[in-house]
Structure formats: C-alpha cells, structure tokens
Amino acid sequence: MKFRSFTGALAAVCLSAALLAGCGSDNDGKLILRMSQASAADGAIGISMDKFAQAVKEKSGGTIEVHTFHNGQLGSERENIESVQMGNLDFAVVNQSVLVNFLPELAVFDLPYTITSYEHADRVFMGEIGQEMLGKLQNVRLYGMAFWESGFRNLTNSIRDVNTVEDVHGLRIRVMENKIHQDLWVSLGADAVPMSWSDAYTGMQQGAIDGQENPSTVIDKNNVVEVNKHMAMTEHCYSTVVILLSPKTLAHFTPEQKKIVFDAMAQASIDERALSRKMDKEAIATLESKGMVVTYPDKTGFIEKTEVVRQTHGAQFTELAARIAALR
C-alpha cells in the first residue's frame, strides 16, 4: 500500500512537471512546443495534429518542433485550458462543450439542429462568426487559432432500430455532463444519463444504459459496435474542437516563427475537415461490416420535438442563432 501511495504521488509530480514545462528551447536552440488533446491519436483530429507538427518542423527547417500528446496524457481538457491560460502548455485541442465554461456563447452550437450540413458548418466556423468566437477567447486569456471538426453526432443503442422519433422513447442514453444535451434527449422521450465517456462502454456492456451518441468515427474507434448493434443517423448536433494557443507562447514568437506556425495551422484546418469527412464515411461502412444496422430516420420529428430545447436554452443567443440560421 505504501508503494502504491508513493507511485501515485510520483505520477502526480511528473504530471505537474509536464504541465509546467511550457514553451522552451533545447540545447540546439530549437523552439519546443507542446500540443495536447484528450482523444485518440488515430482519429482525424489526432492525425491532423501530427501532420501540423510535421509541417511546422519542415517549414522552419527543424528549428521549431511541436510535440503532440494524445489520450489525455497531459490532463483533462479543462486542465489543458487552464494550463494554456497560465502559459504552461502551448496548444490545447478542446471540445466546444467544455470551452463553454470559459466562453458561454459557444453553447449556441450545442443546441440541436443548429448546424444542418457540412456546407453550413464551413460557412459558420470558417467565416465571420467563427472568427468572432475565436477573437472573444482573448478576453479569457486564450488565443483561439481555429475550429476543427469532430463531426455530426449520431445515436446508437442495443435495443432496437430507430426509424422514427417515437423509437427513441424509453431508451437509456449516456449523454455528456451538459445541460443542453441532457434536455435534448429528455425532449425526445429518452432517459438521459449523464456519464463520463470513460465509463460509458462498461455501462453499455453491463446494461446500465442502452446506448450513447457520438460522431461515427468516435463510435467506430471506441468499438461501440461490440455493445450496440443499432445506429441511427440522427445528426442532432455538430461537434467541433477549438485549437487554443497560449498568449504567452504567442508573445514569445518572432514574426517569422509566428508566420510559420499560423500558415501551417491554416492549411491543417482545411485538411482536417476533409479528413474528418472521409473518415466518417469509412467509419459507417466499417461499422456495417461489423454487424451494425444503420438507419436513416426522417429528422422532421426530431427537429419538432427539440424545438423546446432551442427555445429554452437559445433565449440568450437569439441574435447569434439567427445569424447562424441565415447561413444555411
């Protein structure tokens, strides 16, 4: 028991040391930057992070290196955000739903059926509204570089095919610990169960919950098909991640270094979206090949039943929501 306690303490010290490393240089004068995310390395976001790091290295002639960390190696998303604020971490890649705690306006994107297509998403997040949101992050000691795509969220369950909104009634669905997402599923007649993603697979395996909702690539990469055989393409929410840069790191850049990093990020932001959409299609095909039954329910009933969620939670974002809707 003493050994375990010592090991746990040592791990905590190591994590603290890692988070305090921040922007730095090695003995050869290279600029060493660290970029962290909570998700898997083999998803579109993880792959794109590594490609961004490679592009920065090549464009700088090896004088700038971005070391990437996946699967929450450097802490939770909230911890990463706070480390970026303090200048102890250079880049953090975080889900929009987590960043809502720092920029409440982002909650507008959690409202169901706010984003209706990939083309709509591009006009919003790569246009004026996206730039405004990124700019507002400076008010909370964060520099927003870009929105990357996680994708449209779909429903899976172990009970039945979902062909209409009525088929959702009574299903116990794991949801994020986010009030909008909880109310969304309640409005559809489901039993919404807030639960961390790390506990969701076991919950489905043991029958404590019937299903979950996530982008198709997440469903595939996390082997949800082993515990759920029914997937409905509800596309009820469009999820993004935000690439955050520490203002302290930004201030440390020379003009040349800033151009290299920002040019690489601009290209990575375009490439990541294309990769995400390619992998999403591949994930659906893979899931079907593993026995997942994929249905495409009429969304009309889903949109009508979730109107109460948009009205209740969107009251404080009416002007912004109208601008987003105008870009459809």
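Okay, so helices here are DSSP runs of H or I with at least four residues, strands are runs of E with at least two, and both are numbered from the N terminus. By that scheme Val-309 belongs to helix α13, residues 307-313. Quick housekeeping: this is a predicted model, so local features need pLDDT of at least 70 and side-chain atom pairs count only at pLDDT 80 or more, while totals for chains, interfaces and linings use all residues. Numbering runs from 1 along each chain as its sequence is written, and side-chain values use heavy atoms, with hydrogens and water left out.

Back to Val-309. Is it buried or exposed? Val-309 is buried, at 2% relative accessible area, where buried means under 20% with a 1.4 Å probe and protein chains only. As for its contacts (heavy atoms within 4.5 Å), setting aside residues up to four places away in sequence, Val-309 touches Leu-111, Pro-112, Ile-180, Asp-183, Leu-184, Ser-187 and Gly-314. Take Pro-112: it sits 197 residues from Val-309 along the chain, yet their C-alpha atoms are 7.6 Å apart.

Now the cores. A nonpolar core is a set of buried Ala, Val, Leu, Ile, Met, Phe, Trp, Tyr and Cys residues joined through side-chain atoms within 4.5 Å. The largest one has 34 residues, and Leu-99, Phe-109, Ile-115 and Leu-244 touch the most other members. Elements supplying at least two residues each include α3 (77-86), β4 and β10 (238-245). Outside four places in sequence, Leu-99 contacts Ile-81, Val-94, Leu-106, Leu-137, Leu-142, Val-242 and Leu-244. There's a second, separate core of 26 residues, with Met-35 and Met-145 among them.

On to pockets. On a 1 Å grid over the protein atoms alone, a pocket is an open set of points where a 1.4 Å probe fits, with protein on both sides within 12 Å along at least five of seven lines; lining residues have an atom within 4 Å of a point. Points join across faces, edges and corners, and volume is the space filled by probe spheres set on them.

The largest pocket comes out at about 970 Å³. It has 33 lining residues, with Ser-39, Glu-77, Asn-95, Trp-197 and Asn-214 closest to the centre. By class, that lining has twelve nonpolar, 14 polar and seven charged residues; Asp, Glu, Lys and Arg count as charged, Ala, Val, Leu, Ile, Met, Phe, Trp, Tyr, Cys and Pro as nonpolar, and the others, Gly among them, as polar.

The second largest pocket is about 290 Å³. Which element gives the most to its lining? That's β5, with five residues. The lining splits into ten nonpolar, five polar and no charged.

Conventions: Buried means under 20% relative accessible area, exposed over 50%, partly exposed in between (1.4 Å probe, protein chains only).
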